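I opened this entry to keep track of a few look-ups. My notes follow in the order I made them.

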Amino acid sequence: LTRHDALFVAFAEVDGVPVQRLLPAREFPLDVHDLAEHPAETREARRAEVILAMSRAPFDLGSGPLVRGAVFAEQAQAQVLHLTFHHIAFDGFSMQILERELTDLLSGVPAEPVSSAATYADYCGQQREWLARPEFRRDLDRRADQLRDAPELLELGRDLSRPRDFTYRGETLRYAVSPPIHGRVKALAERACVAVSSACAAVDV
């Protein structure tokens with residue numbers, strides 16, 4: 001995790017504008033819970049209770065970091081690692097990278113070296129330089145001119161009418177995907193450098 005700059009940043013307000021800074025230390029909270037002292041039939045419930053509390057606890061964006069973890073020791077050779085990330089720095093594609101790196105680490109595969117030119121801080125610096133270029137401002141002004149007479153509300157066709165009052169109650173639809181299809185979709189997502197969910201949305205699976 002210490003290889004990923006985006007997880008070790010904090011946010012401050014300067015002249016009313018939020019700015020981020022890299023933390024000098026690459027450390028994050030990692031609590032250890034010994035569940036061996038609990039009866040076997042209650043360990044899963046206790047672990048779920050701790051994980052729920054971790055997931056609901058807010059992050060302190062002013063001090064960082066944007067990750068915290070817990071290790072649950074249940075037997076001599078059985079441990080469970082849980083990590084909680086702030087969504088501002090972690091998404092589905094990040095999860096794929098983390099799963100791949102953790103799998104390699106647990107399999108004894110050495111981590112690939114990270115080029116100093118590919119750090120998150122360098123990427124942000126490049127973005128700032130690009131945004132400060134005159135051609136960016138000209139392109140932004142051109143696009144603003146194109147949208148100047150656009151309607152404030154774009155009426156799109158829909159198959160269902162919008163209710164007068166929204167309840168915001170959702171539903172869960174579960175379905176099974178066969179391993180061959182899942183493998184093909186995952187390979188497609190990796191080739192396109194997107195999350196599996198994005199690949200499914202693109203092909204309307």
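Is Gln-96 buried or exposed? I looked up its relative accessibility, keeping in mind that this is a predicted model. The value for Gln-96 is 16%, so I count Gln-96 as buried; the cut-off for buried is under 20%. I placed Gln-96 in helix α2, which covers residues 92-106. Then I listed its contacts, leaving out residues up to four places away in sequence. Gln-96 touches Glu-190, Val-194, Ala-195 and Val-196.

**Helix α5 and what follows**

Glu-190, one of those contacts, sent me to helix α5, residues 179-192. I noted 14 residues for α5. From first C-alpha to last, α5 reaches 20 Å, close to the 20 Å expected at 1.5 Å a residue. Just after α5 comes Cys-193, with a positive phi of about 60°. Its relative accessibility is 53%, so I put Cys-193 down as exposed.

**Cysteines**

How many disulfides are there? I got a count of 0. Cys-193 is in no disulfide, and its nearest cysteine sulfur belongs to Cys-200, 16 Å away. I also checked from the side of Cys-200. The closest cysteine sulfur to that of Cys-200 is in Cys-193, and I ruled out a bond because 16 Å is too far. The cut-off for a disulfide is within 2.5 Å.

**Strands β3 and β4**

Next I turned to strand β4, residues 67-75. I found 8 of its 9 residues buried, so β4 is largely enclosed by the rest of the structure. Strand β3, residues 30-34, runs parallel to β4, and 5 bridges join the two. I looked up one partner: Asp-31 is bridged to Ala-70 in β4. With helix α1, residues 40-56, β3 and β4 make a β-α-β unit. I recorded that unit as right-handed.

**Phe-8**

Where does Phe-8 sit? I found Phe-8 in the segment before β1, a strand that spans 9-14. Its relative accessibility is 0%, so Phe-8 counts as buried. I then asked what Phe-8 touches beyond residues up to four places away in sequence. The contacts of Phe-8 include Leu-22, Leu-23, Phe-28 and Pro-65. Val-67 is also among them, and residue 67 falls in β4. Glu-27 is another contact of Phe-8. Phe-8 and Glu-27 lie 19 residues apart along the chain, and I noted 8.1 Å between their C-alpha atoms.

Conventions. Residues are numbered from 1 along each chain as its sequence is written. This is a predicted model: local features need pLDDT of at least 70, side-chain atom pairs count only at pLDDT 80 or more; totals for chains, interfaces and linings use all residues. Side-chain values use heavy atoms; hydrogens and water are left out. Helices (H or I, at least four residues) and strands (E, at least two) are DSSP runs, numbered from the N terminus. The expected span of a helix is 1.5 Å times one less than its number of residues. Buried means under 20% relative accessible area, exposed over 50%, partly exposed in between (1.4 Å probe, protein chains only). Two strands pair if DSSP finds at least two bridges between them. A crossover is right-handed if, with the strands pointing away from the viewer, the path from the first strand over the helix to the second runs clockwise. Contact means heavy atoms within 4.5 Å.
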